[in-house]
Amino acid sequence: MEVRVGERFLYLAVLSCVFCADSVFGKYVKGIVNTKEDWVFLTRFCFPHQLGRLDFRFRYPKSRCCQNILLYFDDSSQWPAVYKRPEKNCYQKEAVLKPENNQVINLTTRYTWSGCMVEGDGDEEVLSCVGGRSFRSVRERWWYIALSKCGGEGLQLEYEMKLTNGQSFWTQHFSADEFGILETDITFLVIFSAVFLLSCYFAYNLKGRQLLHTTYKMFMMAAGVEVLSLLFHCVYWGLYARDGVGNGSLKILGKLLFSVSFLVFLLMLILLGKGFTVTRARISHSGSVKLSIYMTVYTITYVILFIYEAEFFDPGEVLYAYDSPAGYGLMALQLLAYVWFCYAVLVSLKHYPEKQPFYVPFFTTYTLWFFAVPVMALIANFLIPRWAREKIVNGIQLGIHLYAHIVFLVITRPSAANKNFPYHVRTSQIGILLSSPKEGEGPESFPHHAYGNSSFLGDSQPNFTELFSIQSDPVVKTVTETVARKGPEVPRNSEQKIITTAADLTSLLPPPPPPIPPRPAARSPPLPPRLPSFTEYFSMQSGGGAGFGTKA
């Protein structure tokens, strides 16, 4: 299997998501309304129970007087009762509001709290309204701002609104459902950075032992892209906290990188389930085709989700990304990936039961991960209140990703105490296995061997015995062929290895040469008598027998 099996779907995701637009409203909004309708929606914002503030500036021709700003909240008798209700006319939509609650701002000079004044604009008089309104309620609520002029000839308005929650840097420009998102993202950025750095340290150790396989590199890529995603999100929310506008491109890029990290990690899990780099050196051709098709479909569905969220989500409703056809399609693909993952793990365990210490905890922990995303989406759609959904879902989603990365980091740590370590074949041995497959096994399969944790040695102490152990089969084959050509058939055992005895070696090997008789030693004069007080450290004898001595 090619290492770059996911390149095409990554390129597709990048090229497609560049054109997506951000669907989240800025809390500093301005625009121009010019329509024949008599009731239109402008924007929405979630205020806490007592800190909310709306500052506005409206301008429109006096000849188009008189227009109203309508403030609805999320009670079932208000906004849900009027929005997308074509059977109700403008008067009926205004009737659900209670003027005593100051939910109607009449943009005329007669209404003091509107702050309207008549100004000249060339030959035409305009009404300029500058003012504000505070919001108080029993809990956090979504407020929806609309413009109306019932029974008129249409609407024309230039508006500028600033919606804030208090004066703190962490809350001022944030909607109440976004409180804590910046702090949460910063916290997870620090944690994921530590995970990524720790994975780089482990990768350094694995590389020194020639165990840095493709799947571990994919894990490092997923963790690194996750860090970049959180970095872009933190920069976006930091800019947004400063001016209430931010840079939508940064948020789009952060979402894109988050999706890429998820897809790379999902692909890595499926490959490990199929035994890639654990029990086999490559994936079969049919398996590669299936993986390519699946990941392409998954990526296209993700792109459709981005486009659907940007172009088709109704700004008048508080929607979640998974509350769409594309979102339900992603959940279905996630469950399909889990079925594939289960089948792959079971097949790998069937052929390599000695890998149970790795696959059993691997399968158990990531079963929870596969179900966490669909369960989270369903809970967010149906159980979490809309005024708290954004911040809760953000924290849960990041927690699920952190759980997946930490689990993989733990079960692949290069330590002698780690009984779950998956890799036992070194990267330098894969080429030999592919070129000289073991008899009875496919060329992509690794030899059966439970990884011995005791073989973790330091980088200065390479394990040469294990490094060259897989070359035993070609050597035995060469010896077998040589013996077969030189002599008669030799007995073999059940593993097709030669059984050798002392008698067999006598019949096969040539007789040894006769022993060489010892040469008689040349006569030499007797050694001088040993003196009791001096040791002969410096005594020397010549080759011809004559000797001389040096006394200290």
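Q: Which residues of α4 meet α10, and what makes this a contact?
A: In this predicted model, I181, T184, D185, F188, I191, F192, V195, L198, S199 and F202 of α4 meet E390, K391, N394, G395, L398, G399, H401, L402, H405, I406 and L409 of α10. Contact requires heavy atoms within 4.5 Å. By class, the contact of α4 with α10 comprises 11 nonpolar, 7 polar and 3 charged residues.

Q: Why are α4 and α10 called roughly parallel to each other?
A: The axes of α4 (residues 181–208) and α10 (residues 389–411) cross at roughly 10 degrees and come within 11 Å. An angle under 35 degrees counts as roughly parallel, and α4 and α10 are therefore described in that way.

Q: What makes C65 and C66 a disulfide?
A: The sulfur atoms of C65 and C66 are 1.9 Å apart, and the criterion is a pair of cysteine sulfur atoms within 2.5 Å. C65 and C66 therefore qualify as a disulfide.

Q: Is the disulfide of C65 and C66 right-handed or left-handed, and how do you know?
A: The torsion about the S-S bond is about 75 degrees, so the disulfide of C65 and C66 is right-handed.

Q: Why are C65 and C66 called partly exposed?
A: The relative accessible area is 26% for C65 and 25% for C66. Buried means under 20% and exposed over 50%, with partly exposed in between; C65 and C66 are therefore partly exposed.

Q: How do you know that C90 and C150 form a disulfide, and what parts of the chain does the pair link?
A: The sulfur atoms of C90 and C150 are 1.8 Å apart, which meets the limit of 2.5 Å. The pair links distant parts of the chain: C90 belongs to helix α3 (residues 90–95), while C150 is in the loop between β8 and β9, 60 residues apart. With -75 degrees about the S-S bond, this link is left-handed.

Q: Are C90 and C150 buried or exposed, and why?
A: C90 has a relative accessibility of 4% and C150 a relative accessible area of 17%. Buried means under 20%, so C90 and C150 count as buried.

Q: What does the disulfide of C116 and C129 tie together?
A: C116 and C129 are joined with an S to S distance of 1.8 Å. C116 lies in strand β6 (residues 116–121) and C129 in strand β7 (residues 124–135), so the pair ties together parts that are 13 residues apart in sequence. The link is right-handed, with 100 degrees about the S-S bond. Relative accessibility is 10% at C116 and 0% at C129, so both cysteines count as buried.

Q: What makes β4 mostly covered?
A: Of the 6 residues of β4 (residues 68–73), 6 are buried. Both faces are covered, with N68, L70 and Y72 buried on one side and I69, L71 and F73 buried on the other. In a regular strand, side chains alternate between the two faces of the sheet.

Q: How do you know that β4 pairs with β5 and with β8?
A: Pairing requires at least two bridges between two strands. β4 and β5 (residues 104–106) have 3 bridges in the antiparallel sense, and 6 bridges join β4 to β8 (residues 141–148), again antiparallel; both pairs therefore meet the criterion. N68 has N106 as its bridge partner in β5 and S148 as its bridge partner in β8.

Q: Why do β2 and β5 stand at the edges of the sheet?
A: The open sheet has 4 strands in the order β2-β8-β4-β5, with antiparallel pairing. β2 (39–47) and β5 each have a single partner strand, so one side of each is left without a neighbour in the sheet. Neighbouring strands of this sheet are turned by 20 degrees against each other on average, direction ignored. β2 pairs with β8 in the antiparallel sense over 8 bridges, and R44 has Y144 as its bridge partner in β8.

Conventions
Residues numbered from 1 in each chain as written. Predicted model: local features only at pLDDT ≥ 70, side-chain atom pairs only at ≥ 80, totals over all residues. Heavy atoms only, no water. Buried < 20%, exposed > 50% of the residue type's maximum accessible area, 1.4 Å probe, protein only. Helix = DSSP H or I, 4+ residues; strand = E, 2+ residues; numbered from the N terminus. Axes fitted to C-alpha atoms, helices over the stretch in contact; angles between N-to-C directions. Parallel < 35°, antiparallel > 145°, perpendicular 65-115°, else oblique. Nonpolar A, V, L, I, M, F, W, Y, C, P; charged D, E, K, R; others polar.
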